[in-house]
Amino acid sequence: MHIKEFQELIKELYFHRDEKRGLEKTFLWFSEEVGELAEALRKGDREAMEEEFADVLAWLVSLANIVGVDVEEAAKKKYPGVCPYCGKNPCECEKE
């Protein structure tokens, strides 16, 4: 599945609720999921990590749907196969 397809799936499933909830409250849900991912990573719980990565992605595209951003196109524009800062693949930036 491509990012665009996933974003459309989430839109079909949840946009009616996300739009009603609004951007700020949806962002709070997204932030909560990022926290849950952090906890799963800290604990090293593989099953929880997989679930939370999926949840973070779903809430991210929900936010994008609310504001009308195509995440796949935005990612391709920002990361066209080279580092957006040094222009190299792999990245040769000095900073972390």
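1. The structure holds 2 aromatic pairs, where rings of Phe, Tyr and Trp (its six-membered ring) pair if their centres lie within 6.5 Å, and where planes under 30 degrees apart count as stacked, over 60 as edge-to-face and the rest as tilted. Phe-27 and Phe-30 make a tilted pair, with 5.8 Å from centre to centre and 45° between the planes. This is a predicted model, in which local features need pLDDT of at least 70 and side-chain atom pairs count only at pLDDT 80 or more, while totals for chains, interfaces and linings use all residues. Residues are numbered from 1 along each chain as its sequence is written, and side-chain values use heavy atoms, with hydrogens and water left out.

2. Phe-27 and Phe-30 both belong to helix H2 (residues 23-43), where they are 3 residues apart, about one turn of the helix; helices (H or I, at least four residues) and strands (E, at least two) are DSSP runs, numbered from the N terminus. Phe-27 is partly exposed at a relative accessible area of 44%, whereas Phe-30 is buried at 14%, because buried means under 20% relative accessible area, exposed over 50%, and partly exposed in between (1.4 Å probe, protein chains only).

3. Trp-29 and Trp-59 form an aromatic pair that is stacked, with 5.5 Å between the centres and 5° between the planes. This pair links distant parts of the chain, since Trp-29 lies in helix H2 and Trp-59 in helix H3 (residues 46-67), 30 residues apart. Trp-29 counts as partly exposed at 40% relative accessibility, while Trp-59, at 16%, counts as buried.

4. Leu-37 is another residue of helix H2, and at 10% relative accessibility Leu-37 counts as buried. Leaving aside neighbours within four places in sequence, Leu-37 is in contact (heavy atoms within 4.5 Å) with Met-49, Glu-52, Phe-53 and Val-56.

5. Gln-7 is found in helix H1 and counts as buried, with a relative accessibility of 6%. Not counting residues up to four places away in sequence, Gln-7 touches Val-61, Ala-64, Asn-65, Val-69, Asp-70, Val-71 and Glu-72. Leu-9 also has its place in helix H1 (residues 3-21), but Leu-9 is partly exposed, with a relative accessible area of 33%.

6. A search of the whole structure finds 7 salt bridges, a salt bridge being a side-chain nitrogen of Lys or Arg within 4 Å of a carboxyl oxygen of Asp or Glu. One of these is formed by Arg-46 and Glu-50, whose closest N and O atoms are 3.4 Å apart. Both of these residues lie in helix H3, where Arg-46 and Glu-50 are 4 residues apart, about one turn of the helix. Arg-46 is exposed, with a relative accessible area of 60%, and Glu-50 is partly exposed at 49%.

7. In helix H4 (residues 71-78), Glu-72 and Lys-76 are 4 residues apart, about one turn of the helix, and their side chains meet in a salt bridge at 3.9 Å, N to O. The side chains of Glu-73 and Lys-76 also meet in a salt bridge, at 3.1 Å, N to O. Salt bridges that share partners join Glu-72, Glu-73 and Lys-76 into one network.
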